[in-house]
Each structure stands twice: as C-alpha cells, then as structure tokens.
Amino acid sequence: MVEIPFPDEFQVGNVFSMIVFDLDYENIEYGYRMDGPVNHDKGHHRFDSSKILMDPYAKVIGGRDIWRETPDWNNIYQHRSRLVFDDFDWENDRPLEIPSEDQVIYEMHVRSFTRHPSSSVKHPGTYAAIREKIPYLKELGVNCIELLPIYEFDEFENSRPNPQTGEMLLNYWGYSTVGFFAPKAGYAATGKFGMQVDELKTLIKELHRNGIAVILDVVFNHTAEGNEKGPTISFRGIDNQTYYMLTPEGYYFNFSGTGNTLNCNNPIVRNMVLDCLRYWASEYHIDGFRFDLASILGRDPWGAPMANPPLLESLAFDPILAKCNLIAEAWDAGGLYQVGSFPAFGRWAEWNGKYRDGIRKFLKGEPGRVGDMAQRLQGSPDLYAWAGRAPATSINFITCHDGFTLTDLVSFNDKHNEANGENNNDGGNDNDSWNCGAEGWTDDPGINALRKRQIKNAVAMLMVSQGVPMVLMGDEVGRSQQGNNNTYCHDNELNWLDWTLLQSNNDLFQFFKHCIAFRNAHPVLRNQNHFRNVDYVGSGYADITWHGTQAWNADWSDSSRTLAFMLCGKHAKSGTVVDNYIYVAINMHWDAHWFEIPGLPPGMQWHVFANTGATPADIWAPGTEPQLENQSGLLVGDRSVVILVGK
Amino acid sequence: MAFNATLETTKDTAKITLSGELDASSAPIFKTEVEKAAANHPKHLVLMMQDLEYMASAGLRVLIFAKQKMGADVDIYVVRAQETILDTLQKTGFDQGVIVVDEYDEAQLEKV
C-alpha cells in the first residue's frame with residue numbers, strides 16, 4: 001500500500017491531477033483520501049479522511065469479486081477502483097438498432113435467470129451462463145433483454161437475517177449503485193480474476209449475433225451511500241453537496257425511498273450521468289436504458305419538478321445515445337407520477353403503468369373498463385397521441401420485477417411478503433389481482449384451468465396491443481414467487497427461475513412462443529403511428545374498427561366486459577406494407593357470448609390463431625391456422641380471448 | 001513454477017511453447033515472443049499450452065494483443081490447454097477468437 005500526497009501545484013481550480021509512472025496496471029487498486037470540513041451544518045460537507053474513497057468513474061471495482069463472499073468489514077477500503085483495458089475484440093458488432101415498435105422485451109435478473117440448480121449451465125447465475133441460454137431466448141422469440149441493475153452494487157447493503165428462518169436477506173435486485181461505470185463483478189464467473197468486463201462484453205456480442213438487443217436498468221436516482229447513517233464510499237466524501245439533494249439543514253432528501261437522492265440536475269452530476277451512458281453505449285454496445293424512478297431526474301436541486309429538466313433534455317438530444325432506447329419509469333417515491341406527461345423531448349418512452357393497471361382490471365372482470373381497455377390496446381393514444389408521441393412510447397407490461405408474477409397475479413388476492421421480514425408491510429397493496437377462487441395453491445381443477453386461461457388471456461392481449469410488449473422472466477413458464485410481490489432481498493427459489501417448469505408448464509411456453517411469433521409475423525400489430533380511425537388506403541375498412549357481441553357495435557357501457565376489434569392489414573405500418581387482417585375478441589365476462597364477426601373483403605377467410613377457451617388445442621403456429629367453420633360468428637367462452645387472422 | 005516462453009518458427013508457422021505461470025509479471029515475456037513471431041508474418045500462430053499451469057488476465061490480454069497484432073488472417077491455435085485455462089477462455093469468450101485443439105500436426109498445418 002502506497003499513499004501519494006497531492007502537492008498544491010497539482011491543483012487547478014477544484015481539480016487535482018497527477019500522472020504516476022511505473023504502476024502495475026494489471027493489479028493496481030487505487031482510491032482517494034480527501035480531507036475537508038466535516039460539519040455538515042456549514043457548507044453541508046461530509047469529508048471523512050479516515051476513509052479511502054472509490055473513484056466514481058472506476059471502470060472495474062474490486063471488493064465484491066465473488067457473489068455473497070463475506071467481506072472484511074474492518075477494511076476501510078471496501079470498494080476498490082481498478083483499471084480496465086479497451087482491447088476487447090468486438091469484431092463487426094454494433095448495437096442492433098431494432099425499431100422500438102418491433103421489440104419484444106424480456107425483463108430478467110442476471111443471477112435469477114440461471115442460478116437454479118435445474119438450469120444445467122456450467123457457471124450458474126453469471127453473464128457466461130446467459131450465453132448458454134441464448135437458444136432458449138431465441139425459441140421464445142424475444143429480441144431484447146432488459147437486465148435488472150448490473151452496475152456494481154453491494155449485495156450486502158442492509159443485509160440482515162430473516163427473523164423467521166435465519167436466512168440472510170440481501171440487496172439482491174441491486175437497485176442501489178456503488179459504481180456507475182463498472183459491471184457487477186459478482187455476476188461474472190470470472191469476477192475473481194477481474195475479468196467481468198470481458199465476460200459481459202462477450203455476452204453482449206453473442207446476444208447481438210443472435211439478434212437480441214440489450215437494455216440496462218439503470219439507477220441514477222440514488223446511490224448505495226444511503227442517508228446520514230450510511231457508508232461513505234465515494235460521492236459523499238468527495239463533494240457531498242454537489243452529488244446529493246440536501247435539505248436546508250444539510251440532511252438528505254429522500255425522493256427515492258432509499259435514503260438519498262442524486263442531485264441529477266447539478267451540472268457536474270449531469271455530466272457524470274451523460275458520461276456514464278455514453279460509456280456503456282460506446283464501450284459495451286448497449287442498445288438502450290431503462291431509468292429507475294426516472295421522475296427524480298426531472299427534479300431541481302431542491303426537489304421541485306422542472307418543466308424542462310436539463311438532464312432529460314441532454315440525454316434526449318445526445319448524439320452518441322441517438323439510437324439507444326431511453327425508457328423512463330415515469331414516477332418516483334416522492335409522489336411524482338408522470339405516465340403520459342414525462343418530459344419526453346420527442347425521445348423518451350415510458351413504462352406504462354396505466355397499461356398494467358388497465359389490463360389487470362379488465363382481466364379480472366371489473367366493470368367500467370372497456371373504454372380504457374380500447375385505449376391501452378391502441379398504444380394509449382389518450383396518453384401520447386396528443387403530444388405527438390408514437391405508440392412505441394408505451395412500454396406495455398402486465399407484470400415486471402416489482403409486484404406479482406403473472407402466475408401469482410391469478411393465484412393471490414393479497415401479497416404474502418412475510419419472508420421479507422417486514423411484517424408484510426412492504427410491497428404495494430394495489431395489485432389488481434384475482435385468485436380465481438382460492439388464495440394460493442389448490443387442487444381444484446376448475447380454478448387451475450381458469451388460472452392458466454387467464455395467463456394466456458393476458459399474454460394474448462399484451463401481444464396484440466400497439467406499443468412495445470415486455471414480458472417478465474419466467475412468466476412464460478408460470479414462475480411463482482409464492483404470492484410475494486417484493487422479492488428484492490431473496491437469493492433463493494423465490495427469485496430463481498426453475499427450469500423444470502419448462503416441461504411442467506410447456507403449454508404456457510408454447511402459447512407465449514406462438515403469441516410472440518404471431519406479433520413478429522404481423523406488422524399491423526407493430527405500427528409506428530397511432531390509428532386514425534379512418535380508411536386512408538381505399539381498402540373499404542378503417543385502420544381499426546371496434547366491435548362487440550354485435551359486429552360494428554361495441555358495447556361501451558359500464559356493465560360491458562366484452563370488446564372486439566379488427567385491424568385492416570392494408571393499413572399496416574401506415575399503409576406501407578400489406579398484412580393480413582386481424583380480429584380479436586375479448587370476453588372477460590363470466591359467461592360465454594356469441595360474437596358476430598365483421599365480414600372480410602371478397603376471397604378472404606377468417607382463420608383461428610388462438611382461442612384460449614378451446615380445448616385441447618388453443619393456439620396454432622403462425623401460418624398454420626385452421627379456417628374458421630362459421631365465418632359469420634363464433635362462441636367466445638367465459639373469460640376467453642380469440643384471435644382470428646383474415647387471409 | 002517460473003514462466004517460460006520459447007519461440008520456434010518454420011516457413012508459415014510460429015510456435016510458442018508456454019510453461020509455468022503466466023501472470024502480470026511474466027506476461028511481458030510472452031508479449032515479446034508474440035512480437036517476434038509477428039515480425040516473420042506467419043500464417044499460423046501455435047501456442048503450446050500443455051505445461052502452462054496458470055493464466056491470469058494479463059496473459060489473456062496478450063492473446064488479444066496477438067490477435068490484433070497478427071491480423072484477422074492469421075489463425076491462432078491453442079494446443080492442449082489445461083482444463084482451468086480452457087474454462088477461463090470459455091467464460092470470457094476468448095475461445096471464440098482462437099482455435100482450441102488437443103492435437104497439433106505441424107505437417108498438416110503447413111499445407112493449409
């Protein structure tokens with residue numbers, strides 16, 4: 001260990017710089033010791049010269065090299081900055097630039113995806129293991145994976161034993177960044193060799209080679225340093241008042257719900273965020289970013305929401321990020337909810353929370369939902385069209401890492417978070433879930449059949465909605481979290497994907513796979529522009545028409561739980577390509593209903609792609625759909641979805 | 001065990017036999033041999049690894065250097081690498097840039 005003092009002449013303004021020769025750059029770990037005022041009342045500084053600070057721009061960070069290996073807590077230098085070499089051979093790789101509306105996103109956790117013993121991979125829970133599962137992703141048909149945080153975080157942050165079981169609860173999801181420029185070492189099979197950068201880049205290159213883009217879930221709203229009682233890792237000891245939003249008394253604003261709030265609209269911090277995203281886009285060929293609690297990024301240094309937040313504007317117009325997806329989680333823990341009103345600058349997409357809520361309510365059969373449902377199916381023009389924002393602004397999802405899995409959504413009315421050790425007080429209570437008649441697992445075959453049908457109804461609606469669909473890891477095989485809707489702390493089977501489900505719930509997997517393939521096969525489901533509700537190509541049909549149990553006459557009343565729509569294939573992609581016609585009938589009523597079907601142009605016939613109420617076959621591979629017997633109507637079973645294709 | 005790298009060159013092939021532990025301190029020796037090999041503009045670079053006991057990230061970086069220094073037309077053969085070294089190559093994806101083989105037939109290679 002060597003400590004080199006900074007001579008005064010090495011300082012210009014507030015910047016210190018030094019060149020140190022003859023370092024062992026392969027093995028060196030470095031940090032900074034900074035001294036200054038410690039009285040946070042005067043100037044709000046929190047210097048602590050007893051600590052060694054991590055470089056906030058460190059590209060590799062040691063100290064948590066192997067997942068869950070207990071660190072030496074007495075070490076004053078927990079997170080160690082290291083050097084990285086930009087010699088990776090990308091060959092001819094570059095970001096895929098898949099048009100947003102053509103993406104199908106799969107939200108997943110690096111470790112959870114392959115950590116289960118059933119995954120049959122060589123290095124479970126790692127970047128390398130995902131490479132082994134690329135054939136699975138390809139078969140499912142998704143063309144984009146969205147990784148829960150992979151910036152270096154500390155899985156031991158706020159770790160504690162479960163009061164009931166004694167099992168260690170961790171910062172498992174990783175929504176608490178230690179270093180914004182470094183990949184999580186513990187997710188790399190080669191982390192102990194400091195080769196996580198190569199392993200991750202190899203994964204990204206291989207995903208790209210297979211046509212799969214990579215979106216990172218990034219957490220810029222707060223850091224792992226927490227509040228006044230948290231550890232001093234980096235920012236706090238460098239320039240507390242620059243990096244954090246502080247109250248007039250010098251305490252931390254907590255718009256993130258996790259202790260502190262990064263001061264994103266300070267120009268220094270803004271530059272760091274921009275530098276960071278540019279680095280990941282250029283050095284890792286990342287295709288897009290999903291911003292956790294993004295509304296915080298639009299608050300000024302005193303916490304007030306801004307009309308034109310400079311950070312969001314900078315990101316929107318940045319030339320290096322120009323082809324990257326920018327996706328906002330358009331709310332924060334401070335009460336700001338901006339779905340439909342996020343400062344988008346023509347660029348930002350949004351996790352559409354209103355889509356999630358609307359579909360869930362309609363799915364469980366709530367009355368008065370048909371009008372809302374029509375908006376969600378169209379890409380939420382009520383939220384976005386008025387502002388000139390495209391349907392792909394709407395990231396459509398029914399489930400995500402926050403909340404129930406799809407299986408749990410149809411199996412539990414209430415959350416069951418006892419395993420989190422917080423007396424079931426954590427996690428949301430507004431789940432809009434319905435257990436189909438019994439809370440949790442049951443032997444009742446009727447209930448179990450209904451649950452499967454509801455899962456299929458959900459994915460069928462998701463895949464025929466305009467916008468960008470997102471599937472939660474494991475929903476395609478019926479993954480459950482046993483009713484826990486906030487599994488942020490569990491490094492166990494509550495989060496791990498059990499690969500034996502692929503066999504036991506193979507019908508679900510096949511249903512998901514065919515629904516995704518159907519979406520990929522039909523450009524009319526993936527429009528760049530909102531519907532105009534008129535015929536502008538001379539087909540005799542408007543681009544979208546609404547129906548119900550009677551053709552051409554949807555029932556918009558509060559008591560209605562039925563809705564059908566037809567898409568005219570000649571209007572696909574604003575009339576630039578010709579597709580088949582598609583008709584979707586949704587019956588979320590508890591009784592079966594006869595639906596009249598609108599007639600097709602002469603020479604065309606309706607074929608059945610999916611009928612969730614049919615047995616034994618309820619879906620067909622796109623292109624093999626059988627012709628519908630009665631071309632004028634069909635019985636849609638209770639709580640069922642039918643998708644027809646006219647060709 | 002101390003690291004050693006020995007270069008032999010024939011008409012189209014440069015063969016470097018590696019032994020011992022290839023870490024940050026010994027990687028420059030390997031790199032020097034790669035530079036010498038590259039100066040002869042061979043068609044193949046053969047790395048004999050049966051006696052190589054350990055390879056740290058610095059050694060892997062020399063493999064990348066070799067690939068870039070030699071150019072895309074030069075095939076790099078990794079011969080008889082031990083399981084732990086092979087495993088590291090696979091985890092990081094470096095195995096994709098080289099040809100991993102158990103046996104090496106010099107005469108056959110010369111005909112390629």
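Helix H12 (residues 445–463) of chain A lies across strand S20 (581–587), S22 and strand S24 (640–646) of chain A, and runs at about 40 degrees to S24(A). This is a predicted model, in which local features need pLDDT of at least 70, side-chain atom pairs count only at pLDDT 80 or more, and totals for chains, interfaces and linings use all residues. Residues are numbered from 1 along each chain as its sequence is written, while chains are lettered from A and ligands numbered from 1 in the order in which they are written.

**Terms**
- Helices (H or I, at least four residues) and strands (E, at least two) are DSSP runs, numbered from the N terminus.
- Axes are lines fitted to C-alpha atoms, for helices over the stretch in contact (C-beta atoms, placed from the backbone, within 7 Å).
- Angles run from 0 to 180 degrees between N-to-C directions.

**Sheet in chain A**
- The open sheet has five strands in the order S18-S19-S20-S24-S22 (chain A), with antiparallel pairing (at least two DSSP bridges between two strands).
- Strand S18 (544–547) and strand S22 (606–611) of chain A are at the edges with a single partner strand each, so one side of each has no neighbour in the sheet.
- From one strand to the next, the twist averages 20 degrees.
- S18(A) and strand S19 (residues 562–567) of chain A run antiparallel and are joined by four bridges.
- His547(A) has Ala564(A) in S19(A) as its bridge partner.

**Contact between chains A and B**
- Chain A contributes 16 residues and chain B 12 residues to the contact.
- On the side of chain B that touches chain A, helix H2 (57–70) and helix H3 (83–92) of chain B each supply at least two residues.
- H2(B) gives the most to that side, with five residues.

Note on methods:
Two residues are in contact if their C-beta atoms, placed from the backbone, lie within 7 Å.
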